[in-house]
Amino acid sequence: MKVLKALVVMLVLGMAMAAYGADKPVKVGFVYVSPIGDAGWSYAHDLGRQAVAEMDGVTTSYVEAVAEGPDSERVILNMARKGYDLIFATSFGYMDPMLKVAKQFPKTSFMHCSGFKKADNMGNYFGRMYQARYLSGIVAGAMTKTNTLGYVAAFPIPEVIRGINAFTLGAQSVNPDVTVRVVWTKTWYDPATEKEAAKSLLDVGADVIAQHQDSPGPQEAAQEKGVYSIGYNSDMASFAPKAHLTAPVWNWAPYYAKVVDSVRKDNFKAESVWPGLADGIVDLAPFGPMVPEELQAKVNGVKADIAEGKKKVFAGPIKDQKGTLKLADNTAATDNELLGMTWFVEGVVGTTE
Amino acid sequence: MMLRMRIVKRQEPLGMWGSCLVLISALVLAVMLSGLLLWIGGTSPGGGIAALFQGAFGSRWALEDSVVKAIPIFLCSLGVAVAFRLKVWNIGAEGQFALGAVGATWVALSFPEWPKPLLIPAMIVMAMAGGGLWGFIPALLRQKLRTNEIIVTLMLNYIAILVLDYLVYGAWKDPASFGFPMTRAFSDQAVVGKIGSTNINWGLLHCVVLGAGVWAFFRFTRLGFDLKASGDNVKAAKYAGMPYDYLVMLVMIMSGALAGWAGFLEASATVNRLQPSIMVGYGYTAIVVAWLARLNPLSIGIGSILLAGLRVGVENLQLDLQVPAAFGGILEGLILLTVLAGGLFTHYRIEQRKNP
């Protein structure tokens with residue numbers, strides 16, 4: 001009798017739960033290229049994950065510091081095997097490994113950040129960070145006294161090159177004499193190497209340090225030398241309060257919530273999306289107190305223009321380092337040109353190799 | 001009464017069973033210490049260790065993953081062990097691995113249409129040539145200029161990785177990759193396939209054959225005997241007329257060729273192309289494994305699978321219990337430390353000091 005009662009109660013409860021939550025429970029996995037660490041790329045993605053974990057019926061997990069070769073394939077594969085419904089892989093090098101796994105698990109949804117390949121169950125997404133980079137370039141260009149900006153950059157791939165170019169164009173828009181010196185570290189995350197690279201830029205006279213790196217190492221180098229810096233990924237002001245002018249930052253949470261919701265409602269679509277300032281996926285961190293209000297207003301004005309589509313960052317005439325015209329007057333770069341960008345604009349000191 | 005200990009040298013080194021016991025105790029100690037760390041970090045130590053082993057060896061998939069990851073570690077380790085036998089300190093497996101991958105890729109990209117039975121051996125030959133060259137250079141410098149091979153091999157690693165980068169970012173870059181650094185995917189003929197329905201590639205067989213070959217070489221050939229003898233006592237070997245300088249050359253080339261072979265397998269079987277992220281430090285892991293295994297090929301095999309399993313298992317630990325990735329490095333460090341410390345007991349024992 002008791003057993004029967006218990007069974008009935010369980011049945012009723014189960015039906016009630018099914019009726020209440022039309023959304024099915026969803027397990028979401030994240031693959032990060034670096035440790036979540038301090039304020040970097042993976043940290044920004046993890047803020048998105050934490051926001052998603054708050055949603056009803058959603059559980060999340062992650063694996064950090066996953067190398068971009070066979071290791072990543074294994075990690076993604078294991079998530080799929082363990083019944084994760086949706087997997088976000090957040091580094092370019094995860095593209096081919098994820099594609100291989102996606103073909104083996106047609107019922108799992110896959111999203112790859114920063115690549116270009118798709119499958120029926122695998123989409124890709126990225127943000128137009130170059131728009132926020134352009135804005136940070138305006139700040140750097142206006143604040144420099146030596147007209148030399150330093151840029152600590154990870155790898156000479158289109159994403160990074162695009163960012164350097166946008167930063168340079170932003171700086172040149174307020175200060176035509178400015179040059180941007182680039183140092184490659186060949187690593188996404190290595191605080192000591194990043195800091196050393198920043199120091200080498202300070203030694204050649206740079207007085208604003210920008211970065212496409214995942215640790216606040218370059219910020220600390222700038223603060224120690226008493227010059228300014230531009231962060232990246234998330235607000236890095238707490239690591240270098242005297243140096244940090246602003247930072248182009250990621251805000252993944254709203255987008256991740258949207259994708260998770262689509263999986264929950266069984267209408268996931270393998271799309272390619274590239275939203276920008278208008279959608280808030282990229283933004284500028286709050287300005288430091290040393291940035292004059294006039295400049296802040298100017299930057300906010302340009303930000304509004306870009307968000308409304310009135311201004312394009314890559315609009316001709318744009319010349320490359322050799323002075324060859326790459327974009328003619330009154331033309332804007334297409335998305336494919338932006339995605340495959342392998343040349344520096346005039347005013348950048350460094351090579352793309 | 002005081003309990004006083006002293007360390008005494010053993011008359012005879014510890015036998016095989018004794019050594020095994022020491023090794024197992026060392027591993028258990030390392031695992032217990034890691035459990036303690038997990039506990040301090042707020043994770044259940046039992047559950048954590050279980051998740052680690054589950055992820056490393058606990059299912060067919062996990063085992064396959066561990067074996068696949070062990071393959072390049074094994075070959076690099078076998079390579080450095082050959083050099084270490086002669087007390088030549090080749091720290092350059094990383095660079096030799098890179099050049100091996102470069103050599104194999106050159107063949108794969110230049111002759112993609114060749115039939116598999118021709119293409120794969122050609123790739124292996126070029127991989128061994130690439131890795132062997134990177135072993136030959138420090139050996140030559142050591143001989144002619146009396147340079148220290150530790151420093152030269154270490155520095156050549158960076159040069160090899162730059163060579164790889166140069167090619168992948170430049171001449172070999174896939175035009176369809178939107179400017180991202182990777183070569184075209186290899187043709188099917190250039191890919192070492194998987195064994196049956198498993199996830200393990202035929203590289204495993206290469207490992208078994210090469211491991212047995214190296215073992216037999218040291219056990220049964222005159223040259224192998226010369227190498228062992230010279231490694232044990234350089235002066236005596238020279239006095240006995242063994243061609244020491246020639247032997248150094250030979251082991252460095254062999255050592256490099258084996259690491260190069262690993263580079264070939266990694267490019268062909270697991271990545272199917274050349275890209276910078278192929279370099280994940282197997283060449284350095286190999287040195288750790290070679291030492292843990294005391295340079296014995298069979299032990300190197302076990303050590304490779306153990307260390308590979310550890311790295312695979314730590315991912316499971318992260319996924320299930322969200323333990324930070326750095327825990328893997330700590331665990332590896334603990335194992336190396338306890339095993340090397342345990343090595344003390346092979347030649348020494350601790351006894352209670354008797355009162356006079």
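How many residues of chain B are in contact with chain A? The answer is 22, and they meet 26 residues of chain A. This is a predicted model: local features need pLDDT of at least 70, side-chain atom pairs count only at pLDDT 80 or more, and totals for chains, interfaces and linings use all residues. Residues are numbered from 1 along each chain as its sequence is written, while chains are lettered from A and ligands numbered from 1 in the order in which they are written.

**View 1. The side of chain B that touches chain A.** Contact means C-beta atoms, placed from the backbone, within 7 Å. Helices H3 (60-85), H10 (244-271) and H12 (297-321) of chain B each give two or more residues. H12(B) gives the most, with 5 residues. Helices (H or I, at least four residues) and strands (E, at least two) are DSSP runs, numbered from the N terminus.

**View 2. An open sheet in chain A.** Its 6 strands run in the order E10-E9-E8-E6-E7-E16, with parallel pairing. Pairing requires at least two DSSP bridges between two strands. E10 (244-246) and E16 (348-349) of chain A are the edge strands, each pairing on one side only.

**View 3. Strands E9 and E10 of chain A.** E9(A), residues 228-230, pairs with E10(A) in the parallel sense over 2 bridges. A:Ile230 has A:Thr246 of E10(A) as its bridge partner.

**View 4. Two helices across strands of chain A.** H5(A), residues 129-143, lies across E6 (148-153), E8 (208-212), E9 and E10 of chain A. H5(A) runs at about 135° to E10(A). H7(A), residues 191-203, lies across E6, E7 (179-184) and E8 of chain A, at about 160° to E6(A). Axes are lines fitted to C-alpha atoms, for helices over the stretch in contact, and angles run from 0 to 180 degrees between N-to-C directions.
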